[in-house]
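Good morning. I will go through one structure, part by part, and give each term as we reach it.

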Amino acid sequence: MRRLAIGFIPLTDAAVLVAAAKLGFAAAEGLEIDLHREVSWANIRDKVNVGLLDGAHMLAPLAIASSLGLGHVRVPLVAPFALNLNGSAITLAHPIYEAMEATGHDLSSGLGVAQALGDVVRARQAQRLEPLTFSTVYTFSTHTYMLRHVLAAAGLNPDRDVRLVVVPPPFTVESLRSGLIHGFCVGSPWNAVAVEAGVGRIALLGPEIFGWAPEKVLGVHARFAEAEPDVLRRLVRALHAAAHWSETAANHAALAQLLSSPEFLGLPADVLARMLEGRLNTTQAGQPRENPDFLVLHRDGASRPDARHASWIYAQMVRAGQTTYFPADARQAEAVYRADIYDDAMSSPAMGAPPAARPVGDPVNTRFGEPFTSENIEDYLRRIRSI
Amino acid sequence: MTNDPGLKIVIVDASPLRAAILEAGLREAGYVHVMRLAEHSNLLARLHAIDPDVILIDLEDPSRDVVEQMFQVSREVKRPVAMFVDQSDSSTIEAAIEAGVSAYIVDGLKKERVRPIVDMTISRFRAFSRLREELEQTRTALEERKTLDKAKGILMKMKGLDEEAAYALLRRTAMNEKKRMVDIAQSVITAADLFK
């Protein structure tokens, strides 16, 4: 048995890792996974960097930012497995949502929500009120890019018309209650936690903004991938099997039960089961909003790292002003997503038929606003006036 | 003692005891502007108001991700902040992470000026965790002592033994069973409870 130390943040999309470690999928590959619960993405990055962790549940943009050396020392990471797509939502404080309802826009559509938010922000500006403040959990996160996309679609400048801040998940509910922030875009289960606490309502589910947004990956240090390719392939196979099990509807109740344990998420199993099924209550009173793609753990080839997702993330970094566009950086970002390692691991006859390829066209399935063209990033960046 | 008494240092640590120990160390070393922040709400605005040169933060504090937001050019902070260490400092990164602390400095501040602060932080964090371990060991030893005494009392009462013989019986059983005496003592207590 080869022991591996793997870090995770208590979020619903740690599901595949937890299942792999606890339900025998790792053991079947001769691996023993010790899960280490961490409190910040910075810790995850640093512990993988110094080797205290062999790998971790990681925000896909964090893996890319670290590899490019954005905002921190350069830590070359590789992502040989996508732990999920989607899983996020935007939650707003009640008074903001009520003001949006009064604008007359159709709040059942993504674009309608964006337009209503734009109207509310502009009305506040006309009255010289304080700008609205929205939070995400980390600057290099899909949540940040989603929020900025919505704001851009609303005709707003995310850096000028609102304030974007970072609030760690455990503080989001209190921050929304106290009025420190007016809304947030975070991963599951924190939107549901805020809704249950009655401090806000879910305005938009992630897949209503991008149908297939990259979210968490397994991130490992490049030196580990080089030194122990066989161990990494076994880990990828274990995760693949765990992801397949986790996405099967009949297993959702058992998975939610496992995740609800205090050593993982420490939240009620029924709330977690709703996340897995894509049935979210948007208010404390209920008002469910359903979307089968709310959290995609495996299906349609979701586990295979798609380099086009890495290039979308890189483009969003440029769009957000986090870095300046260089074609070489774009290629380096794409190279973080290692489909070759995944394919290598899957080539074992025991793995059966190769997974379905990701759909062609816009790799993130942009629901409104400027669609992404992975075959021509520069053209995309010009269209959104980022280069 | 120090070249930079004027550097503004902020300690973000949920453990008031450890923060106090670190603050005392830094003050002894001659740093006069040392502040402690334990409250999380509005951390960024408070850091902005203080405008520190160095931020020391406990690794168990989720607010590290808030501090890292300052890497991004933002109107919330006057000056961009970067972690003090560069690639060449990997042993310091490692030492800091293992000690459970992270350091950030204002961009452009020379490494040599910050080095003594970081070294002291690492050594105080280590000393604190040793202290906590020792405390934990003492507490465990005390608990075990109590368990042994209770089991001895039960044996003395039920088997009519004196204290020495009760102790010898526990020890002999532990050796035969290849278990720790405290585990045998616990079994005696559990069994006695069942027979009550």
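First, a definition: angles under 35 degrees count as roughly parallel, over 145 as roughly antiparallel, 65 to 115 as roughly perpendicular, and the rest as oblique. What you see is a predicted model, in which local features need pLDDT of at least 70 and side-chain atom pairs count only at pLDDT 80 or more, while totals for chains, interfaces and linings use all residues. Residues are numbered from 1 along each chain as its sequence is written, and chains are lettered from A and ligands numbered from 1 in the order in which they are written.

Helices (H or I, at least four residues) and strands (E, at least two) are DSSP runs, numbered from the N terminus. Take helix α3 (residues 60-68) and helix α14 (residues 327-334), both of chain A: they pack at an angle of about 130 degrees, with axes 9 Å apart. The axes are lines fitted to C-alpha atoms, for helices over the stretch in contact, and angles run from 0 to 180 degrees between N-to-C directions. α3(A) and α14(A) are therefore oblique to each other.

Which residues make the contact? From α3(A) they are A:Ile64, A:Ser67 and A:Leu68, and from α14(A) A:Asp329, A:Gln332 and A:Ala333. Two residues are in contact if their C-beta atoms, placed from the backbone, lie within 7 Å.

Next, helix α1 (residues 15-22) of chain A. Seven of its eight residues are buried, meaning that 20 or more other C-beta atoms, placed from the backbone, lie within 10 Å of a residue's own; 12 or fewer is exposed, and in between is partly exposed. Among the buried ones are A:Val16, A:Leu17 and A:Val18. The buried residues of α1(A) pack against β1 (2-8), β2 (31-37), β3 (55-59), α10 (229-247) and α11 (252-260) of chain A. Just after α1(A), A:Gly24 has a positive phi of about 90 degrees.

Now the domains, whose bounds come from an automatic or database domain assignment. In chain A, domain 1 is 2-85 + 214-260 + 297-383, and domain 2 is 88-208. Their C-alpha centres lie 26 Å apart. In chain A, 18 residues of domain 1 are in contact with 19 residues of domain 2. On the domain 1 side, the largest share, four residues, comes from α3(A).

Last, the two chains: 24 residues of chain A are in contact with 22 residues of chain B. Which element supplies the largest share of the chain A side? That is α2(A), with seven residues.
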